[in-house]
Each structure stands twice: as C-alpha cells, then as structure tokens.
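Colleague: I would like to go through some of the labels used for this model and hear what stands behind each one. Can we take them one at a time?

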Amino acid sequence: MKLSAQEDLLARNYMQQGAYEKAAILYEGLVEKTPGNTSLVNSLVEAYQQLEQYDKAQEVLLKTLALSKSLAFLKVDLGYNYQLQSRDTEAQKLYTEILDQVRENPPLANMVGRSFKNYSLLDQAATAYTIAKEAGLNSIYLNVELARIYGEQGKIEQMFDAYINLILENDRYQSLAQRSFNDFITEDAENEANQIFRKLLLKRLQEDPNLLYNRLLSWLFIQQQEYNKAFIQEKAIARRNNNLNGVFTLAAVAVENEAYDLARSIYEYLVAQAPSDEMRLFAHQELLDLRILKNDTEDFKAIQTEFESLLNQFGKTTETLELQTKYAHFLAFNQDKKEEASAFLKETLDLKLNRFQEARVKMELADILVLEERFNAALIYYSQIQKNLKDNVLAQEARFKVAKTSYYKGDFEWAKTQLKVLKSSAEQLIANDAQDLYLLITDNTVDDSTQTALKTFARADLLLFQNKQDEALEVYNTLLAEHKDKAIEDETLLEQAKLFEIKGLYDLAAQNYRLILEKHGDDILADDAHYRLGNLYADQLQQPEKAKEQYESIIFNFADSIFYVDAQQKYRKLRGDAIN
C-alpha cells in the first residue's frame, strides 16, 4: 500500500512535468492492481490523451465500465475521448445514453454532472442536475452546482433564481450566495445583472411576501449605494419581525460611506423605535457623533446640553460609560474645556468599574493630558493600562500611545523601542500604524543627528491631534522651506496634502501629490501619492482620464501596494468595465 502511494505521487509529479510516457507506465501498473479506482483510471486516461493514444484510453475506459453499473458515469469520459478524435456523433450518443441512465437512477447525477463539468460540458452537466432535482433530489449540492453552472453559462436570471432557492432551503448559505452575486452585481443600478436581480426579487415579493426578498433587495441597494432605498426595505423587515439589527447595520454602512444625512435619519428612526434603553442610548450617541463631525461651533452649546440631558435621563452608571467618555472627549477636544473634562472623568473613576472599563476611562484621561502637552502624566496612565491588562488589545493600544506620546515629546529612541514590539501585533491596524511611525522615525534620524526636522514634523502631528489645523499648516510650510530636498520632504508634502483635502483645497492637495511623484517617485510614499491623486481627479476635480493614469501607475508599477486592488477596481469602473 505504501509503495502504491509512492508510485501515485511519482506519477502525478511526472504529469505535472509533462513526462506523460513515464506517468502512463506507472498508472498502468497502479490500475492493474486496483482496476476499480476511477481516480487512477482518469489519470491514466489523461496521460494517454496527452500522448494522443486515444485507442488505449478507450480500451481502459471500456474495461473499467464493464466492472460495475455504478461506474456508468465513465461514459462521459469515454464520450470526451471520442470528441478529442472529432467523433462527435459517437460522443453525443454516449452523452444522451448516460443522461437517460440518470433519469432511471437520479442519484447518478452527482458523479455524471461532475464529470461533465470537468470537461466544461456545462449544458449536459446542467441537464444532469436538473433531472435529479425534478426527480425530487433537492440536495444542497445540486442547487449550488446548478447555480454555478448558470453563472458560467451567463444565464444570470437562472443563476440568481437557483441561489435564492438555495437560501430558502437553508439561510446559512446567504453569504455564499452573496459572494457569487458580487461577481455580477456592480455599483451601477443600470447594470444588466443589477436590473435582472431587482426585477426577480420584486416579482417574487409580489407572489410571496418572504422577508428574504426584502433582505436581498436591501443588500442590492447597498451595493448600488442607494442607502435610502435600502432603508425602506430595512424598515419593512423591522415592522414584520420586530428586529432592528438590519437598520443598525445600515446606519453604520451609511456613516462609513459618508452618507451622513441619511445616517442621521436612520438614527432618529431608531431613537423612536428602539425597544430597549440600551439601543435607544446607542442611537442617541451616534446622532451626537454625527453632529460633532459637522464641526459646527454654533451647535456645540446645544450638543453639550444634549449630552447633559442624556446623562440625566440614563444616569451616570457603568452602563453609560461610553456616553460619559464621549462627553469628556467632546468637552476637551471640541470645546477646549480640558480641566472640566478631566474632572468629569475622575468622578467616573469612582464608579465600580471593572479593569477594562477603568482602562477606557484612563485612556481618555491620558489623551486629554497629551492634548494639554502634559506628556509625562499621560505616560503614567498609559503604562498603568499596559500593566493591568497585559496582552489585551487595550494594552496594545496603550503601548502605541506611549510610543506616539514619546514621539510628540521628541524621545524618538523610546518610541522606537515600543514600536518594535507593536510591529508584530496581532491587531493589524495597530501593527500597520506602528510600522509606519517606526519607518518615519528611522528614515529621519539616520542622517540628522540634531533631529530638528523630525521634531518639527512631530510638532505638526501634535497640532493636528489638538485640532489646530491652521497652525499645523504653518509648521508644514516652515518644514518645506527649511528642509527642502531632505528625507522629511515627501512625508511633509503628503500630510499637508491630506490637510488640504480636509479643508477643501483640492488643487493645492493635487499639487503636493504631483510634487511627491516628481521628486520622490521611487520612494515608499509614491503609491500613496498616486492613489490619493487618482481619487482627487476622480471625485473632486472631475478629470477621469487623469484619474485613470494614476490608478494605472499603481496597477503596473506597485503590484504589492495596499491600494492595488482598490485602484484596479476604480480603474475598471472609469474605463466602463463590468467589475467582478
């Protein structure tokens, strides 16, 4: 047995190397030992076909077919062997014969259908599976295979239909179906597949008010970024099953895609409809976040009043801890009421908090201390969190903030010590941020013993943390004037460009990105500049041809870039391709 396994492995290696004669000799011996092993028979037949020894392939197939009626599916292989010899009439006769046998014995469909698929005989494979379904064999396997075949054949409506039937049979297959839908559905509502899917779901809804169809319509509208239409579907679902989970998820999607007005409408709906205080409070908090995001200083007084009203309504307890930390953050970072925010959080620490809750409060307190540039006091809090929670994600976050605070105060060596540990963090976002900061420090301390440029750059970074954008821009201007053509230049241009974008100064941002590409086109930030410049041209400056050029540069020159996949999709969309 062990020797046979070794021979099989050696034969497969010969096949991969194109040494078909050597493979055939080995497989002949293996088939002689176990003549009913169809896997070995198929391998031997393939070797013969590669050698164009079709008579030998036919002989071994006929010999194996004679062993048992259960091996009837090998007629497909025999038929394909005829096709390779242009004996199409004989091949079709065999295919008809085996399909007739499937009608007599429907369980044969699995093996027969698989054999047809192996040779890309999709029509025959679909017929085999359909025969089995019509005979009452509604297995998951049959539905999945039929759906896949319809997709490969371009029979989009039948594919959608088959996958929907699959979900109706077992809803745990919805994610599998949606992954397959994504091969055809695009952001364009006018795309043919999108329209077919929408009409199919609406037709089914008219015949049967199943909530699945509402869920799939909502999913379709989200793909098309028609969040208002998705909201209509989610409300319909919520009315019938008293479950608001889909509405909450949609609200988060709307925020992520910057559809803030609709997100606001959704959270207002949730405030009115939420069945529990916990859900209602969450919706209130999200509404406040959206108002804060607008950065309308004239609304700040009203926002503070709303915070205080919610604290009075829901109480200052461990259950409202997130509300309390958000309120303190708002006071410190948006209203410059740092002392009031710190005093409020210290009162929160008097509650009976577990160590994770205490860490969250101390993290916010430490952030406020950094805001005040009381770096050493902040480091004490961050270190306490690390010590109390060890390897927890909060401890990793605190360690990164130790590194960032040390960087702000100019202690670059200690920052690097922390970042070395974090670069291998299991938390990918933290690991990526740590890697970026580590490279920034390393690249700008090697040739600058005084570290003047890096200290100035860190100062601008701190000003951004303090929400002092205009002051940060001034520092960037100073850096670019005093350290022209130095290592820090491309990082400065990039960060300044990001700030220009935030302030709506798109032409200035584009100018910076172009400068990075002109002067530092071979450096580490080049793909970042290409991608951001492409987005500017596509979304803000309305110059699609120039956007395509930037995305194309990433596709052809930066295959390992984190922006590669996104750039590829955006390029295809601008070119008018159907995006899979």
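This is a predicted model: local features need pLDDT of at least 70, side-chain atom pairs count only at pLDDT 80 or more; totals for chains, interfaces and linings use all residues.

Colleague: What makes Q540, Y551 and K570 count as touching N535?

Modeller: Contact means heavy atoms within 4.5 Å, and N535 touches Q540, Y551 and K570 on that basis. N535 itself is placed in helix 30, residues 526-540.

Colleague: Why is the pair of side chains of N535 and K570 called a polar contact?

Modeller: The limit for a pair of N or O atoms is 3.5 Å. The side chains of N535 and K570 make their contact at 3.0 Å, so the pair is within the limit.

Colleague: Is N535 buried or exposed, and how do you know?

Modeller: Its relative accessible area is 16%. Buried means under 20%, so N535 is buried.

Colleague: What makes helix 5 largely enclosed by the rest of the structure?

Modeller: Helix 5 covers residues 74-84, and eight of its eleven residues are buried, so the helix is largely enclosed. The buried ones are L74, K75, V76, D77, L78, G79, N81 and Y82.

Colleague: Which helices do the buried residues of helix 5 pack against?

Modeller: They pack against helix 3 (38-50), helix 4 (54-65), helix 6 (88-104) and helix 7 (109-118). Just after helix 5, S86 takes a positive phi of about 60 degrees.

Colleague: Where is E258, and what is its phi?

Modeller: E258 is found in the loop between helix 15 (245-256) and helix 16 (260-273). Its phi is positive, about 60 degrees, although E258 is not a glycine.

Colleague: Why is E258 called exposed?

Modeller: Exposed means over 50% relative accessible area. E258 has 57%, so it counts as exposed.

Colleague: Why does N295 count as partly exposed?

Modeller: The value for N295 is 44%. Partly exposed lies between the 20% limit for buried and the 50% limit for exposed, so N295 is partly exposed. N295 sits in the loop between helix 17 (277-293) and helix 18 (300-314), with a positive phi near 55 degrees in a residue other than glycine.

Colleague: How much space lies in the largest pocket, and which residues are closest to its centre?

Modeller: About 1700 Å³ of space lies in the largest pocket. Of the 43 residues that line it, D433, D436, L437, E495 and K498 are the closest to its centre. Helix 25 gives the largest share of the lining, ten residues.

Colleague: What is the lining of the largest pocket by class?

Modeller: There are 21 nonpolar, six polar and 16 charged residues.

Colleague: How do you know that E258 belongs to the lining of the second largest pocket?

Modeller: The second largest pocket holds about 1100 Å³ of space. A lining residue has an atom within 4 Å of a pocket point. Among the 22 residues that line the second largest pocket, E258, Y260, L293, K294 and I502 are the closest to its centre.

Colleague: Which helix supplies the largest share of that lining?

Modeller: Helix 19 does, with five residues. Helix 16, helix 17 and helix 19 (321-334) each supply at least two residues. By class, this lining has nine nonpolar, seven polar and six charged residues.

Terms used
Residues are numbered from 1 along each chain as its sequence is written. Side-chain values use heavy atoms; hydrogens and water are left out. Buried means under 20% relative accessible area, exposed over 50%, partly exposed in between (1.4 Å probe, protein chains only). Helices (H or I, at least four residues) and strands (E, at least two) are DSSP runs, numbered from the N terminus. A polar contact is a pair of N or O atoms within 3.5 Å; within protein, one must be able to donate a hydrogen and the other to accept it, and residues adjacent in sequence count only if both atoms are side-chain atoms. On a 1 Å grid over the protein atoms alone, a cavity is a set of points where a 1.4 Å probe fits but cannot get out, and a pocket is an open set with protein on both sides within 12 Å along at least five of seven lines; lining residues have an atom within 4 Å of a point. Grid points are joined across faces, edges and corners, and a volume is the space filled by probe spheres set on the points. Ala, Val, Leu, Ile, Met, Phe, Trp, Tyr, Cys and Pro count as nonpolar, Asp, Glu, Lys and Arg as charged, and the others, Gly among them, as polar. Lists of a residue's contacts leave out its neighbours within four places in sequence.
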